[in-house]
Amino acid sequence: MKKRILFLALLAITFGASAQTMKVQSAYADWQNNRLRNAMTNIEEACAHEKTGLEAKTWYYAGAIYARVVEISQSEDKNDQKILKKQKITEPIAEIALKSQKALLKAIEIEKKNGTNEFISLANGTLNVVASYFSNETVNAFNAEKYEDAIKYAENAIESAKAANFKEALEQSKYVMALSYEVLKNNEKANELYRELVKENTKKPDVYIKIFAANQAEKQTDKAINVLKRGVKNLPDNPQLKALLGSTYLQAGQREEAEKVVQSLLALGEKKEVFNYVGDIYRDASEIAKAEEYYNKSLALDPAQSDAYFGLASTYFNKGIDVLKEADKVPLDDMTGAYDKLKNESFDYFKKAIPNYRKVLEVKPKDFQTLKALRNIYSLLNMKAEFQEIDALLKQQ
């Protein structure tokens, strides 16, 4: 009698395991035939079973089935939309994507533990679908100004992308995550991510600029230069990074290195943008004649632009401010006339800035920086009518 009971018990265990194996097979068949709701039901039971729940295949199928739902949910193909509609799936796609991610990572974990690799490459490939979904949702949430949601989506995208070595999704998600932290005023987190992107040789130039600015703010000039050098190495055709590097070299007194950067900039070709950037380098170094030379070269290529005119105007304005500061340092009891000489010199620079700022307004009539600079100049020069005109324009903004 006892043997009979034992036999029946073993039969029940065997039948139960066999039934779960059938669940896996049924889930696979349903998946292949787009019966996704059925596939999800079957594979979830198999994942919960004590035997099939230990198999990498079960978890891979689970991840792939969920990923298929995610994939067709994002498709614009009418046939895919019909398939999804038939499934009557009410669970949010984000939750299904997260299930897919967890299942695929579980499959990889089991394979590594068992020393096998039957499903690792398949799981990694499927993780690309999940990473793409979460990466896209990160961007969508950011664009909708839902920054906390963007960070959560990015965290999932990064986990999937790292596992699958999906560099594009990894970079995009980290970048938007950093932007979200920046908007939320968590600059520490933002800069941490930007620094990671720099180490990973990102192709996003503004990342290098942000870390450059952070290093400059901390008065770490050597680090600021190194970040820009890395950016220039990874983006050799980006003139903005080269221009910043050249200006920083000059500020650090490294004239020879700055001139090398200028030559590498000019090697990019006779383009107005290149000439403007070179002009910016010399403007920031207060080298008026050279700044004028390159801004005028830019204007010769495109007289209708505003950038070169703004460069010339800011060159004269900045120099005027510098000279005015020198005038303010002259002792009150000085009888040499040094104050009046410096004041008149600064005013001459302001007067030279005016027509160039006016040229900018012909192209950009509401440019805030230009209007603000002109208002300051008109105030200093006591040009009341012109001041009132510009002041009125600023108040409309």
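**Reading ring pairs and a helix crossing**

Me: Are phenylalanine 317 and tyrosine 357 buried or exposed?

Reply: Phenylalanine 317 is buried, and tyrosine 357 is too. Buried means under 20% relative accessible area, exposed over 50%, partly exposed in between (1.4 Å probe, protein chains only). Phenylalanine 317 has 13%. Phenylalanine 350 is also buried, at 0%. The model is predicted: local features need pLDDT of at least 70, side-chain atom pairs 80 or more, while totals for chains, interfaces and linings use all residues. Numbering starts from 1 along each chain as its sequence is written, and side-chain values use heavy atoms, without hydrogens or water.

Me: How many aromatic pairs does the structure hold?

Reply: Rings of Phe, Tyr and Trp (its six-membered ring) pair if their centres lie within 6.5 Å; planes under 30 degrees apart are stacked, over 60 edge-to-face, the rest tilted. The structure holds 16 such pairs. Phenylalanine 317 and phenylalanine 350 make a tilted one, with centres 5.8 Å apart and planes at 50°. Phenylalanine 317 sits in helix H16 (residues 307–328) and phenylalanine 350 in helix H17 (residues 338–363), so this pair ties together parts 33 residues apart in sequence. Helices are DSSP runs (H or I, at least four residues), numbered from the N terminus.

Me: What geometry do phenylalanine 317 and tyrosine 357 have?

Reply: Their ring centres are 6.4 Å apart and the planes stand at 70°, so the pair is edge-to-face. Tyrosine 357 lies in H17 and phenylalanine 317 in H16, so parts 40 residues apart in sequence are tied together.

Me: Which residues do ring pairs link into a cluster?

Reply: Tyr28, Trp31, Tyr60, Tyr61 and Phe119.

Key: Helix = DSSP H or I, 4+ residues; strand = E, 2+ residues; numbered from the N terminus.
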